[in-house]
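Visitor: I would like to go through this structure with you. Please tell me the rule behind each term.

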Amino acid sequence: MPEADVVLDTTVESHFIPRPFRVLRTKRETHDVFTLELKPEDGSPLSFRPGQFNMMYVHGIGEVPISISGNPAKPETLVHTVRAVGGVTFAVRSIHRGDILGIRGPYGSVWPIEAAVGSDLVVVAGGIGLAPLRPVIYEALARRQQFGKLILLYGTREPEDIIFEKDLEEWRARFDFHVFVTVDRAIGNWKGHVGVVTGLLPKASFDPANTLAMICGPEVMMRFTAMEFLKLGVDPAQIYFSMERNMKCGIGLCGHCQFGPYFVCREGPVFPYPRLKQLMTVREI
Amino acid sequence: METLKPILSQHPFFKDLQPEYLELVTGCASNVRFDADSYMFHEGEEAGHFYLLRTGNVALEIATPDRGPMVIQTLGEGELIGWSWLVPPYTWHFDARVTELVRAIALDATCLRKKCEADHHLGYELLKRLTVMMEQRLAATRLQLLDVYGTNA
Amino acid sequence: MIKIDLQVLGTLVSLLRKDGFRVLGPTVRDHAIVYDEIRSYEDLPIGWTDEQNNASYKLVPTEGKSLFAYAVGPHSWKQFLFPPESPLVRSRRTNGSMELSGAQQAPHVPLAFFGVRPCELHAIAIHDRVFLEGPFADPWYKSVREKLFIVAAQCTHPGGTCFCASMKTGPRATQGFDLAVTELPKGLFLVEAGSQRGSEMLIRIPWHPAEPEDVSEAERLFSAAATSMGRVLETDGLQQRLYANLSHPRWDAIGHRCLSCANCTMVCPTCFCSTVTDGTDLGNTDAQRTRLWDSCFTADFSYIHGGSVRPSIRSRYRQWMTHKLATWVDQFGTFGCVGCGRCITWCPVGIDITEEARLIPEQTPEAQPTSQ
């Protein structure tokens with residue numbers, strides 16, 4: 001099992017102080033999800049690896065961990081997709097073009113794209129979970145010939161909750177990328193799949209003996225999806241989750257994000273399934 | 001229908017069914033086709049058949065007054081529709097609208113129920129397979145119920 | 001090894017102050033021995049001992065003039081290296097721009113700790129590992145820690161809830177100090193240097209060489225101390241036993257007693273969890289981020305949208321105890337517990353970590369779920 005590679009800048013002072021980034025553009029994805037495009041005030045691009053996150057600071061309100069959702073090959077523009085679920089993210093929702101946010105990062109472990117070279121790569125996203133996966137999809141498409149089949153299974157609640165519609169349309173138009181979208185429920189004029197995302201797995205044809213799976217979404221969805229992969233014969237060590245926990249510092253010092261022995265901000269958020277399997281059976285760990 | 005036996009034997013639902021039972025089942029089978037946007041059946045109608053989809057797509061819907069028809073699941077190639085034919089009073093609990101032209105094997109419910117009563121081994125073989133499918137549907141439905149993508153905010 | 005008396009020990013304090021150190025050490029306040037600024041040796045708690053047990057602490061005067069005849073009190077040294085409240089970041093918003101700067105300031109005055117017990121030396125070493133040796137270090141901790149002068153006090157009077165011998169953190173320290181003092185009866189102190197700075201300090205005070213019988217008396221006191229600890233904790237296989245019993249019914253029993261008051265985390269010398277709060281001025285121009293001590297026992301410690309991951313007190317106690325005695329080993333290579341006993345003494349309902357650890361069974365009983 002490959003170790004997740006993390007690129008860290010250990011300059012002592014800088015990791016407590018956010019860098020100012022100016023909002024270039026805001027885009028409403030759904031009623032509670034929006035994407036921000038940001039540029040660093042000091043001009044120095046934020047290089048990151050897919051799977052990593054930043055701590056996003058709103059002046060006077062607070063900080064939240066948000067996955068980076070943009071293209072790693074274009075770090076000059078920092079892209080974050082945010083769902084409004086609490087104090088800080090509600091404030092982010094009211095952000096306009098020209099406003100400034102503080103950014104600390106990038107932190108965390110990365111999607112193991114190197115380990116997927118030569119295999120089929122199946123990406124399974126649930127809800128807002130598509131956001132932390134979009135960077136690895138961009139990268140896989142940029143190096144398409146290095147992988148076998150490339151498959152995206154994306155499930156969300158209702159058709160109105162689908163994010164990244166433009167990307168999905170472009171991806172579906174490709175012959176070398178199989179994209180399946182499903183919703184938990186729909187009204188009559190939805191012409192696509194209805195049902196849980198796990199139900200899409202048997203329809204996607206990939207070689208279980210030579211597949212790497214990257215899964216991101218609500219924990220319940222990730223657990224059930226992993227079960228389906230295991231049922232089909234995929235090696236547990238080839239399944240990866242992106243976990244989420246309360247974070248106050250993002251750098252392994254505040255203790256909040258602990259999940260068993262792991263700091264989700266440091267050993268995660270991307271974890272290989274074997275590390276999580278036992279922990280996920282213990283309630284309230 | 002003689003010609004349907006090989007088709008039935010290849011359908012995932014009948015995998016590994018002993019030849020003599022496959023023979024019995026074939027006796028209740030017929031080939032059917034439904035055009036896109038037609039309804040295979042409606043809620044409340046008698047469940048006279050169950051269907052093994054060979055090609056096409058079907059949306060299972062429940063009609064609501066305010067939001068119109070709500071699709072609760074879509075099914076496609078290789079999947080099975082319906083177990084209401086086994087449970088009295090043998091009526092459908094939802095509508096099945098064809099979203100993509102469907103070719104299917106229709107299995108006559110009355111015919112099959114009679115044969116299952118006469119030979120319980122056949123009944124057991126069918127129920128074994130149906131239970132697996134029901135378990136998967138139930139698990140999926142429960143996951144849908146959890147509304148995991150909701151915010152709880 | 002040299003020998004001095006109480007007076008000379010007092011001059012050590014004066015020398016440190018003269019050198020510009022702010023000397024912090026034990027002193028009596030509010031019927032307890034706490035750590036605060038020591039201006040002269042008169043501030044030191046002479047002639048006291050303590051009686052500690054579950055949920056109970058009592059300071060009792062002794063007959064003699066002993067200086068260190070008590071164990072540790074509710075304070076630990078972490079409040080000086082990792083302050084309960086410290087400013088982190090300042091944000092100033094003006095005309096469409098935002099200036100972000102660090103609000104932490106390196107203190108001008110170096111600190112000297114006087115009377116650090118061996119368990120506490122280990123606790124400081126544990127915090128060094130957390131705050132200095134990870135991928136991200138704390139700059140404030142680093143600047144204070146570099147200049148810190150430590151006068152350790154070897155333990156000859158284990159407390160009612162102490163178990164440093166079990167955790168192999170005492171009663172005697174061999175490293176991690178500049179000077180170490182061992183109190184002998186008759187008002188004498190053996191002093192050894194543990195660093196260059198310590199040796200240089202010793203040259204400046206009058207001393208006698210220690211006699212062999214002084215040294216053997218000290219050894220006798222240490223042996224006696226090691227075998228008269230208030231508590232015992234078996235550490236062999238402890239981590240595995242805890243991992244194998246995460247669903248044991250004992251956690252339910254503790255969950256019913258624990259108030260999740262967070263006392264244990266506040267008095268514990270190795271707890272390091274923190275949170276950050278935000279404040280602004282009325283015009284929302286100047287905002288500040290402040291780091292505060294936090295505790296895994298609070299209900300919203302593990303809050304993510306939708307709810308807390310650990311809503312029950314049972315799960316929060318389990319988190320604290322398994323962190324201290326199991327996951328800490330995976331994270332930092334040592335136990336997080338140094339056997340100081342504070343959590344036992346200061347728990348209002350008297351939960352005893354050593355008792356709970358003992359009651360976690362050897363084998364996974366058949367009745368347990370097979371989730372392990």
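Visitor: What makes S4 (residues 48-53) and S5 (residues 56-61) of chain C a pair, and which way do they run?

Guide: Six bridges join S4(C) to S5(C), and the two strands run antiparallel. Two strands pair if DSSP finds at least two bridges between them. Strands (E, at least two residues) and helices (H or I, at least four) are DSSP runs, numbered from the N terminus. One bridge links C:Asn53 with C:Ser56 in S5(C). S4(C) and S5(C) form a hairpin with two residues between them. In that turn C:Ala55 has a positive phi of about 55°.

Visitor: Where does this model come from, and how are residues and chains labelled?

Guide: The model is predicted: local features need pLDDT of at least 70, side-chain atom pairs count only at pLDDT 80 or more, and totals for chains, interfaces and linings use all residues. Residues are numbered from 1 along each chain as its sequence is written, while chains are lettered from A and ligands numbered from 1 in the order in which they are written.

Visitor: In what order do the strands of the chain A sheet stand?

Guide: The order is S4-S3-S6-S1-S2-S5 in chain A. These six strands form an open sheet with antiparallel pairing.

Visitor: Why are S4 (62-67) and S5 of chain A called edges?

Guide: S4(A) and S5(A) each have a single partner strand, so one side of each is left without a neighbour in the sheet. The twist averages 40° from one strand to the next. Axes for that angle are lines fitted to C-alpha atoms, for helices over the stretch in contact; angles run from 0 to 180 degrees between N-to-C directions.

Visitor: How many bridges tie S2 (residues 33-40) of chain A to S1 (residues 19-28) of chain A, and how many to S5 (residues 78-83) of chain A?

Guide: Seven bridges join S1(A) to S2(A). Six join S2(A) to S5(A). Both pairings are antiparallel. A:Thr35 in S2(A) stands opposite A:Lys27, and its bridge partner in S5(A) is A:Thr81. A:Val33 has A:Arg83 as its bridge partner in S5(A). S1(A) and S2(A) are joined by a hairpin of four residues.

Visitor: Which residues of H4(B) are called buried?

Guide: They are B:Leu122, B:Glu125, B:Leu126, B:Leu143 and B:Gln144. Buried means 20 or more other C-beta atoms within 10 Å of a residue's own, exposed means 12 or fewer, and partly exposed lies in between; C-beta atoms are placed from the backbone. The buried residues of H4(B) pack against H5 (219-231) of chain A, together with H2 (19-26) and H3 (109-118) of chain B. Contact here means C-beta atoms, placed from the backbone, within 7 Å.

Visitor: What makes the radius of gyration of chain B agree with a compact globule?

Guide: The radius is taken over C-alpha atoms, and the globule rule is 2.2 Å times the number of residues to the power 0.38. With 153 residues, the rule gives a value near 15 Å; chain B has 16 Å, which agrees. Its C-alpha trace spans about 55 × 30 × 30 Å along the principal axes. Chain B has four helices and six strands, and 31% of its residues count as buried.

Note on methods. Contact = placed C-beta atoms within 7 Å.
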